[in-house]
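The structure to which it refers is shown here.

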Amino acid sequence: MRALRVSDTVTLDGTLYGIRDGTQIHMFDRGRRTRFDMKGHAVIHTAPNVRKVEKSKAHPTGYAPVCVGTTTSARMERFTRPLMQHYGVRIVIGKGGLGGDSAAAFRDLGGVYLAVIGGAAALETTWVEAIEDVDLDDLNPESLWKFRVKGFGPLLVAMDAHGGSLYSEVNAQARAKRAAALASLGVKSGN
């Protein structure tokens with residue numbers, strides 16, 4: 001993870017865990033544990049739309065993915081460090097970015113945030129080969145999902161293990177452009 005830098009691209013094959021705020025509230029606030037070993041793996045912020053099907057080789061859990069879309073990450077900010085410390089997760093995938101506490105966790109523990117463009121759920125779903133397993137399923141759709149993915153990406157490294165953040169860079173550029181535009185109009189900025 002430490003070799004990756006902001007603006008690099010990553011494509012994933014293999015195991016990807018789907019997690020959401022409800023899942024993490026149960027894991028970290030209510031003391032529930034998962035049987036999954038997520039050490040070194042990636043998680044995606046999602047609560048997928050699935051349908052019940054006959055269990056088969058293609059659908060070992062009895063679930064078929066209908067729409068595996070990424071959800072906004074900001075409300076899961078407080079879970080990044082515990083997810084990395086207690087479960088060994090090193091990649092978080094979402095949309096909209098995370099804040100300073102997550103940036104510090106990525107720096108301290110060696111992780112990255114990979115961004116997905118909002119509205120790409122239909123495309124993301126094509127990258128999911130199967131739902132291999134599910135845990136904490138009483139929380140459905142905010143269960144903990146184990147997906148098998150192929151060609152999941154390319155995803156943009158938006159936060160890296162060196163303190164780099166595409167979100168901070170874009171925010172600073174936008175503020176500078178705003179200040180310049182206001183100055184050119186003769187408006188004095190109060191902050």
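The protein has 5 helices and 8 strands, where helices (H or I, at least four residues) and strands (E, at least two) are DSSP runs numbered from the N terminus. Their order along the sequence is β-α-β-β-β-α-β-α-β-α-β-β-α. This is a predicted model, in which local features need pLDDT of at least 70 and side-chain atom pairs count only at pLDDT 80 or more, while totals for chains, interfaces and linings use all residues. Residues are numbered from 1 along each chain as its sequence is written, and side-chain values use heavy atoms, with hydrogens and water left out.

**Overall dimensions and packing**

- The C-alpha atoms fill a box of roughly 65 × 30 × 30 Å, taken along the principal axes.
- Of the 191 residues, 46% count as buried; buried means under 20% relative accessible area, exposed over 50%, and partly exposed in between, with a 1.4 Å probe and protein chains only.
- Among contacts (heavy atoms within 4.5 Å) between residues at least 6 apart in sequence, 70% join residues at least 24 apart.

**Helix 1 and D29**

- The buried residues of helix 1 are D21, G22, T23, Q24, H26 and M27.
- These buried residues pack against strand 1, strand 2, helix 2 (80–87) and strand 8.
- D29 belongs to helix 1, which comprises residues 21–29.
- With a relative accessible area of 42%, D29 is partly exposed.
- Beyond its neighbours within four places in sequence, D29 is in contact with Q24, R78 and F79.
- The side chains of D29 and R78 make a polar contact at 2.5 Å; such a contact is a pair of N or O atoms within 3.5 Å, and within protein one must be able to donate a hydrogen and the other to accept it, residues adjacent in sequence counting only if both atoms are side-chain atoms.
- D29 and F79 are 50 residues apart along the chain, and their C-alpha atoms are separated by 9.9 Å.
- G31 follows helix 1 and has a positive phi, near 75°.

**Aromatic rings**

- The structure holds 6 aromatic pairs, for which rings of Phe, Tyr and Trp (its six-membered ring) must have centres within 6.5 Å; planes under 30 degrees apart count as stacked, over 60 as edge-to-face and the rest as tilted.
- The ring centres of Y17 and F36 are 5.4 Å apart and the planes lie at 40°, so this pair is tilted.
- Y17 lies in strand 1 (residues 9–19) and F36 in the loop between helix 1 and strand 2 (42–45), so the pair ties together parts that are 19 residues apart in sequence.
- Both Y17 and F36 are buried.
- The rings of Y113 and Y167 have centres 6.1 Å apart and planes at 70°, so this pair is edge-to-face.
- The pair Y113 and Y167 links distant parts of the chain, strand 6 (residues 112–115) and helix 5 (residues 166–184), 54 residues apart.
- Y113 is buried at 0% relative accessibility, whereas Y167 is partly exposed with a relative accessible area of 25%.
- F28, F79 and Y87 are linked into a cluster by ring pairs.
- The charged end of K52 sits over the ring of Y63, 4.6 Å from its centre; the criterion is NZ of Lys or CZ of Arg within 6 Å of the ring centre and within 35 degrees of the ring normal.

- Strand 5 (residues 91–94) and strand 6 run parallel and are joined by 4 bridges, strands being paired if DSSP finds at least two bridges between them.
- Y113 in strand 6 is the bridge partner of V92.
- Strand 6 is covered on both faces, with V112 and L114 buried on one side and Y113 and A115 buried on the other.
- In a regular strand the side chains alternate between the two faces of the sheet.
- G186 follows helix 5, and its phi is positive, near 80°.

**The loop residue S143**

- S143 is found in the loop between strand 7 (128–135) and strand 8 (144–159).
- At 0% relative accessibility, S143 is buried.
- A polar atom of the S143 side chain lies 3.2 Å from the backbone nitrogen of N140.
- Apart from neighbours within four places in sequence, S143 is in contact with G18, T23, V134, D135, L136 and D137.
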